[in-house]
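Here are my notebook entries from an afternoon with this model. I wrote down what I looked up, one topic at a time.

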Amino acid sequence: MTDETEQGTSATLWAGVYSITALILFVVLVLLGLVMRLGQSGAVAVRPDYFYAIMTLHGLGMAGVLYTAGYAANWYLVSKYVQPSVALMRFNFVLILLGVVGLIVATLVGRFGPGWYMLYPLPFLTTWAGWSIGLAVLSVMLLGTAWLLGQLDLLRVFAGKYGLSGMLGWQYFGKGETRNELPPMILIVAVSMIAGAITTIVGAGMLMLYLAQWLAPDLQFDALLMKNAVFLFGHTLVNITMYCGVAVVYELLPEYSGRPWKTNAIVALSWNAVLLLVLFAFFHHLYMDFAQPIAVQYFGQIASFMSAVPATVVTIFGAMAQVYRSGIRWNFVPLSLFFGLMGWIIGGLAAVVDSTIAVNSYFHNTLWVPAHFHTYFLVGFVFMLFSFVYHLVDAKA
Amino acid sequence: MTVWYAGLITLVGAIAIFLITIWLLYGATPAQPAESVTGRLYKVRGRYFVVLMAVLVIVLLLTLRHLPYRSMVSAEPEYIVPVSGMIWSWQIGPLEDRDGNPSSNVAGTVVLPLGKTVEFQVTAKDVNHGFGIYNEQGQLVAQTQAMPGYVNKLVHTFTVPGKYEVLCMEYCGLAHHTMISTITVE
């Protein structure tokens, strides 16, 4: 067996392992969601400490599982162009597994229940077991470490093949023929991984402060600063999960439509704009914190509005160019990809509406918010993920 | 009205996006060479981009003028109400006039004047809470976060008399859902 075939087989194996694990966890977490709804309706009795522990596990679990599954899908598909480390993928699987077990024990046994964004200083409330606070923080740190290593590894191989500016498509901005062609998937994954790495580092710093306070309870940090940090980390992670799904669409749809999907100056410019804007969209989580400087609130709404433009415009019309009069045969994979895009756009529209400060006064922390992210995850990202898994199984068969 | 407009825009938008998706599914056949469709599509893309940007800029200009923040509200408050959230209750009042003189509220009840501009000075003693005021129909009329170490100033003028409920709008632990208080406006 040659090195390349060996790499290909290992990539398929690990993409399969990650996908199967993610799908199992996804189903378990959906069932936990169902338990909460049954509890709220009174159909089953769920004590508040279990309810909120389940809520925390459901939220943290879904954000983590879906990002990890999206990353694994990207990791597998980019290995057509570059060779990311299989050993790291194996190592990360162990870290992630430990993190998941830690979170399950902290929530279901220790009844750690401060919600998925663990808003400072709520985790340090002592209605749940003291040990569960440290275990949960350490578990999220393990997950964050695995995510950061994974993000840096993809950036390493992209930079090796395309160069730092090349992986962002800057060669398309010059005049004349572009020699070093960049698959659009690499561009989108590069943007996602850069945004992910920057914000995961911020998240790591914040989690270290959490850990410090757990060890030395007299410590106290600024609540507004911590809230900004947690949403920079959490919002961006969830946001780039969606981009991981969109990257799958760019890579797989052409295989079914028979039409190439290439990077050009407009596509490159749009995704570079996304990289800049995605880092500032999180401010919309703090609109109702009137103490936040007003200039930041303005900036938050502008960044939230504008971040919805470039990625969707080039992707919608790119996808249209893929399928319109292409004669594509609508089997599960392209159909699921296409409906996934629809869910993303609908969920995104609900987000833009809510990211208007004047509207947010009435929507902030209401059911509009979970409705938005359940729409774009369940009707958007999960469709894209199912597409990928079906494609993977089909290719293997 | 803001809520209705926002809901309507989202609903109509979602239906439009769904219909376009279905139209595209059926538009995949009959097959034609890619070059015959991309040129036209890219022209539409340019126009769509310009229209979308124009709409967003107009919406930004219109909506960024109406922000709930203290320095953006032109009405000068006539009364001040200190509010403090703690696990798992609200301490609201006593009502003060602009000069800091307490009003004649009976202890334990919060009665706010109808038609007068009130400034809620909202903070928290322990963890983050959310100060949300709901009318008798269960509609949210105003909100701000209650954060330890900060005072968020929420200015509001009640135009309808009645009993209002204050609900916690930031998850704050096991009895968060019971953190409810009332305000009377007359």
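Predicted model: local features only at pLDDT ≥ 70, side-chain atom pairs only at ≥ 80, totals over all residues.

**Entry 1**

Asn365(A) sits in the loop between α11 and α12 (368–396) of chain A.

Next I went to Arg325(A), which is not a glycine either and has a positive phi of about 55 degrees. I found Arg325(A) in the loop between α9 and α10 of chain A. With 16 other C-beta atoms within 10 Å, Arg325(A) is partly exposed.

**Entry 1: cis peptide bonds in chain B**

Then I checked the omega angles in chain B. The bond from Thr29(B) to Pro30(B) is cis, with omega near -5 degrees. I placed Pro30(B) in the loop between α1 (2–26) and α2 (34–63) of chain B. I noted another cis peptide bond between Ile87(B) and Trp88(B), where omega is about -10 degrees. Trp88(B) belongs to the loop between β1 and β2 (89–92) of chain B.

**Entry 2: helix α3 of chain A**

I wanted to follow one helix from end to end, and I took α3 (residues 86–109) of chain A. It has 24 residues and reaches 34 Å from its first C-alpha to its last, close to the 34 Å expected at 1.5 Å a residue. Which residues of α3(A) are buried? I listed Met89(A), Asn92(A), Ile96(A), Gly99(A), Val100(A), Gly102(A), Leu103(A), Ala106(A) and Thr107(A). I kept a general rule beside that list: an α-helix has 3.6 residues a turn, so residues three or four places apart point the same way. After α3(A) comes Arg111(A), whose phi is positive, near 55 degrees.

I looked for the largest nonpolar core and got 162 residues. Those with the most contacts inside it are Ile186(A), Ile188(A), Ala190(A) and Val249(A). I followed up on Ile188(A): leaving out residues up to four places away in sequence, it touches Tyr243(A), Val246(A), Ala247(A), Tyr250(A) and Trp271(A).

I also looked up Val267(A), which lies in helix α7 (residues 265–278) of chain A. It counts as buried because it has 22 C-beta neighbours inside 10 Å. Apart from neighbours within four places in sequence, Val267(A) is in contact with Pro184(A) and Val314(A). Gly318(A) is 51 residues away along the chain, yet its C-alpha is separated from that of Val267(A) by 9.1 Å.

**Entry 3: strands in chain B**

I started with β5 (residues 117–124) of chain B. Here 6 of the 8 residues are buried, so the strand is largely enclosed by the rest of the structure. What does β5(B) pair with? I found β1 (residues 79–86) of chain B in the parallel sense, over 7 bridges, and β8 (residues 152–157) of chain B in the antiparallel sense, over 6 bridges. I noted that Ser84(B) has Thr123(B) as its bridge partner, while Glu119(B) has Val155(B).

Then I traced an open sheet of 5 strands in chain B, in the order β4-β10-β9-β6-β7, with mixed pairing. Its edge strands are β4 (111–112) and β7 (140–146), each pairing on one side only. At one end, β6 (residues 129–134) and β7(B) pair in the antiparallel sense over 6 bridges, and Gly132(B) stands opposite Gln143(B).

**Entry 4: domains and the two chains together**

I checked the domain assignment of chain B, which gives domain 1 (2–63) and domain 2 (70–185). Their C-alpha centres lie 42 Å apart.

How many residues of chain A are in contact with chain B? I got 51, in contact with 59 residues of chain B. Several helices of chain A supply at least two residues each to that side, including α2 (48–78) and α6 (223–257). The largest share, 7 residues, comes from α10(A). I sorted this side of chain A into 35 nonpolar, 11 polar and 5 charged residues.

Terms used:
Residues numbered from 1 in each chain as written. Chains lettered and ligands numbered in written order. Domains from an automatic or database assignment. Contact = placed C-beta atoms within 7 Å. Helix = DSSP H or I, 4+ residues; strand = E, 2+ residues; numbered from the N terminus. Nonpolar A, V, L, I, M, F, W, Y, C, P; charged D, E, K, R; others polar. Buried ≥ 20, exposed ≤ 12 C-beta atoms within 10 Å, placed from the backbone. Pairing = 2+ DSSP bridges. Core = buried A, V, L, I, M, F, W, Y, C linked by C-beta atoms within 7 Å. Expected span 1.5 Å × (residues − 1).
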